[in-house]
Each structure stands twice: as structure tokens, then as C-alpha cells.
Amino acid sequence: MDEIPVVDISLISTKNGRIPSEEDWEVISKEVDKVLAGIGFVYLKNHDVSEESISNSFARSKEFFELDETSKHKYLKKRAGAFGYVEPNQEMLAPGEYSAELRESFDSDLGTMETTRQSVDLIKEVPGFLTAITTLADECHDVIEKLHNVLARALQLDDLEYFNKVSKAFSDRKIPTATMFRTIYYPPISEDIKQGAIRCAPHTDYGTITLLFQDQMGGLEVLNASGAWIAATPIPGTILVNTGDLLYFWSGGRYPATTHRVLVPETETKRRLSRQSIAYFIHPDDDVMVSPLGGQGSNQEAVSAYEHVKMKLDKTYKF
């Protein structure tokens with residue numbers, strides 16, 4: 001594929017009490033399956049996540065990232081998978097290959113979002129910051145449940161709720177999971193940028209699926225099956241969804257974990273501007289044992305979701 005297709009999922013909308021038919025589910029399942037199996041990325045439109053929640057999350061996030069370094073460092077992340085601020089070069093996706101990775105992020109796990117939901121705002125400098133991202137995360141859960149159902153149908157599982165049943169942490173926040181909501185900031189590029197720097201090194205995501213919201217700056221590129229980098233150009237009103245390493249293994253190789261990156265802009269005009277994105281990395285509960293579904297690759301040893309993600313995170317974070 002030379003471009004990432006757009007799939008309209010309005011047929012499985014449950015907005016205003018609508019109940020999708022079996023035929024509706026099958027149509028969307030086949031469309032999403034075809035695209036994800038081909039390139040591992042798909043734009044979803046008519047997803048029912050409100051533009052107000054998306055815009056508010058971007059705005060409050062930018063307020064946080066524009067704080068002084070001392071203020072942000074009060075919330076510095078102390079270990080992989082935890083809540084907090086990640087400074088530039090703290091997470092290196094390709095250690096040793098680039099001189100710097102020029103981005104910042106703020107991670108919120110499901111447990112912290114539950115605390116925020118109970119009216120405890122942990123970031124005093126930007127009131128409403130965590131509330132905004134928690135609200136957006138909550139609105140994404142309907143999309144996640146639907147995608148889980150779509151994947152179960154595409155993989156012809158007997159239990160169409162299988163992926164939802166192994167993701168109990170969404171309803172019981174005491175259950176450990178690597179699921180993480182991340183707001184990302186790429187600051188303007190200074191004139192004294194190190195040679196060999198990149199905004200986000202080529203990498204694959206670690207979990208099952210990722211939901212990504214982009215601002216209009218662009219810059220994300222995806223490596224297609226032919227080995228060519230193609231632009232994941234922001235399309236207003238869509239969520240960009242991609243499949244990760246764990247789903248690649250779980251699906252017996254059906255869904256690729258596609259490599260993607262964000263380069264330093266070539267034009268001076270774009271270098272002077274910041275870029276933002278928001279990613280929701282979805283993982284099953286930590287104790288779920290994962291092996292290829294449907295008997296494909298049945299000779300491969302099962303791995304726990306926790307062991308899988310811990311191995312990945314240990315390679316990328318500096319503390």
C-alpha cells in the first residue's frame with residue numbers, strides 16, 4: 001500500500017441508542033481486517049469521540065509542556081510504565097543510532113486516571129490537565145471495545161468478547177496492565193541541533209493496538225511492506241490506529257507491527273514550530289498468557305503480557 005486507507009465505522013456506531021446489526025459488524029470487520037493486515041495502520045472516521053475533548057487535551061497538554069523545566073521535573077517519571085513526565089532523551093527507541101530524540105511526553109496509567117476521576121488533580125500548575133486527558137481516554141474506551149470485537153470477528157474467534165475479557169483493567173483499575181495514555185510534545189528545533197538527531201526514532205509499538213490523535217503539523221511516517229516510507233498525513237476527524245508487537249504474535253503474524261518514525265522537519269518554518277500528538281497504547285491485563293490464536297504458530301511458547309512489555313521497556317528507558 002502506498003497510502004493509509006480511511007475506514008468509516010459509522011455502521012457500528014452506538015450513538016443515540018443505535019444498535020448495529022450483525023451485517024454491520026461483518027462489513028466493518030472485513031474492511032478493518034483488510035487494511036490492518038496489509039499495512040498495520042488505518043484511519044477511522046465517524047468514531048464518535050468528540051472534537052471538543054480532543055482539542056481540550058491538546059490545549060491543556062501544551063500548557064504543561066510550556067512550563068519551565070523545574071516545574072515539569074517535579075513530575076519526572078521514575079520508572080518504566082509509571083505515571084509522569086518524560087524528558088527529551090529519557091526514552092530512546094533506537095539507543096546508539098541517533099544522537100538525540102527530541103520529544104517530551106507525559107504518561108498516565110489507568111490507576112492514575114481513576115484518581116483523577118475522583119477529583120484529585122495531581123498537576124497543580126495546570127488545573128484541568130489530567131482531567132482533560134482522562135475525559136478523552138474515557139471517550140476512547142467505546143472505540144477500543146469495538147476494535148476488540150472487530151479483531152475477534154476477523155480472527156474468527158468463537159468468543160467475540162475475547163479481547164475485552166482479557167482487558168478487565170478498563171473496568172477494574174486495580175488490575176495491573178501496561179495500557180498507557182500518553183500526550184507527546186515535539187518542541188521547536190533550535191539552531192544548535194545535534195547532528196544525527198531525530199524527533200522519534202523508527203520503532204514498533206509494543207501492545208495490541210494504539211489509538212493516535214495528531215495535530216495538523218504532520219511528520220509521522222510509516223514503513224510499508226515494500227520498504228518505502230509513506231506519510232501518515234493528519235486527516236481531520238479521524239483517529240489513526242495501528243497494530244503492535246503483541247498483536248502480531250497473538251494473531252499468528254496476520255497483523256504486522258509496522259515501523260514508524262517522526263523526522264526533524266526539513267523546512268526552517270516547520271522547525272520553528274512545535275508538534276503534538278496523543279497516543280493511547282492498549283495492552284491486555286498483565287497476567288494474560290499470550291500465544292498465537294487459531295493454532296497458527298502453535299509451536300511457539302506462550303508469554304505473559306507483562307513479561308513482553310517489560311522486556312521492551314527495559315531497553316528504551318533511562319533512569
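This is a predicted model: local features need pLDDT of at least 70, side-chain atom pairs count only at pLDDT 80 or more; totals for chains, interfaces and linings use all residues.
User: How many disulfides does a search of the whole structure find?

Analyst: Zero disulfides turn up in the search of the whole structure. Cysteine 140 is in none, and its nearest cysteine sulfur, that of cysteine 200, is 19 Å away. Cysteine 200 is likewise in no disulfide, with the sulfur of cysteine 140 as the nearest one, at 19 Å. A pair has to lie within 2.5 Å to count.

User: Is cysteine 140 buried or exposed?

Analyst: Cysteine 140 is buried, and its relative accessible area is 0%.

User: And cysteine 200, what does that count as?

Analyst: Cysteine 200 counts as buried too, at 6% relative accessibility. The cut-off for buried is under 20%.

User: Changing topic. How many cavities of 30 Å³ or more are there?

Analyst: The search of the whole structure gives four cavities of that size. The largest cavity holds about 490 Å³ of space.

User: Which residues lie nearest the centre of the largest cavity?

Analyst: Glu91, Arg182, His203, Asp205 and Phe281 do, out of 36 residues that line the largest cavity.

User: What classes of residue are in that lining?

Analyst: The lining of the largest cavity has 18 nonpolar residues, eleven polar and seven charged.

User: Which element gives the most to the lining?

Analyst: E14 does, with five residues. Elements that each supply at least two residues include strand E6 (180-186), strand E8 (200-203), strand E14 (275-282) and helix H9 (305-316).

Technical notes:
Residues are numbered from 1 along each chain as its sequence is written. Side-chain values use heavy atoms; hydrogens and water are left out. Buried means under 20% relative accessible area, exposed over 50%, partly exposed in between (1.4 Å probe, protein chains only). On a 1 Å grid over the protein atoms alone, a cavity is a set of points where a 1.4 Å probe fits but cannot get out, and a pocket is an open set with protein on both sides within 12 Å along at least five of seven lines; lining residues have an atom within 4 Å of a point. Grid points are joined across faces, edges and corners, and a volume is the space filled by probe spheres set on the points. Helices (H or I, at least four residues) and strands (E, at least two) are DSSP runs, numbered from the N terminus. Ala, Val, Leu, Ile, Met, Phe, Trp, Tyr, Cys and Pro count as nonpolar, Asp, Glu, Lys and Arg as charged, and the others, Gly among them, as polar.
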